[in-house]
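Me: Could you walk me through this protein? I would like to start with what the words mean.

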Amino acid sequence: SINYSQPSIKGRTIGKDLEPKAGQVWRTGANEATVFEVDGDVMVEGKSLPKGKYGLFTIVNGDDWTIIFNKTWDQWGAFKYKEADDALRVNVKAVKAASFAEKMTFAIDASGKVSLMWGDIQTDFTVK
């Protein structure tokens, strides 16, 4: 499951007025850090992630996105984020989304593809 608060664009510009901002850790949502939870051991983009709860953070550098699963899941924003607590990092590419997402949204399909849509950006990672 993914538990998150949805930020809205409201006429602002992602990367300038809104997160994510290039090279900075983002909580991948609004308010409290987004929580990614799996009830069994999984593979994310071919890398092992043990069962449990994780803070889901992101670092964006252009079309290159780093998806971070951090052991400290119960925190506000990314203010107390510590790289030393990362359980896993995977790198994925962002693409232009098929449609504009005013509110940041996650979708999970039956194949395990997790899609993050925000503005005109979409980035996917696979969980098996």
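Reply: Buried means under 20% relative accessible area, exposed means over 50%, and partly exposed is in between, with a 1.4 Å probe and protein chains only. This is a predicted model, where local features need pLDDT of at least 70, side-chain atom pairs count only at pLDDT 80 or more, and totals for chains, interfaces and linings use all residues. Residues are numbered from 1 along each chain as its sequence is written, and side-chain values use heavy atoms, leaving out hydrogens and water.

Me: Which are Phe69 and Phe125, buried or exposed?

Reply: Phe69 and Phe125 are both buried, and buried residues make up 43% of the 128 residues in the protein.

Me: OK, and how many helices and strands are there?

Reply: The protein has zero helices and nine strands, where helices (H or I, at least four residues) and strands (E, at least two) are DSSP runs numbered from the N terminus.

Me: Back to rings: how many aromatic pairs does the structure hold?

Reply: It holds five aromatic pairs, counting rings of Phe, Tyr and Trp (its six-membered ring) with centres within 6.5 Å, and calling planes under 30 degrees apart stacked, over 60 edge-to-face and the rest tilted. In one of them, Tyr4 and Phe106 have ring centres 4.9 Å apart and planes at 75°, so the pair is edge-to-face. Tyr4 sits in strand E1 (residues 2-5) and Phe106 in strand E8 (residues 86-108), 102 residues apart.

Me: What is the relative accessible area of Tyr4?

Reply: Tyr4 has 23%, which means that Tyr4 is partly exposed, whereas Phe106, at 11% relative accessibility, counts as buried.
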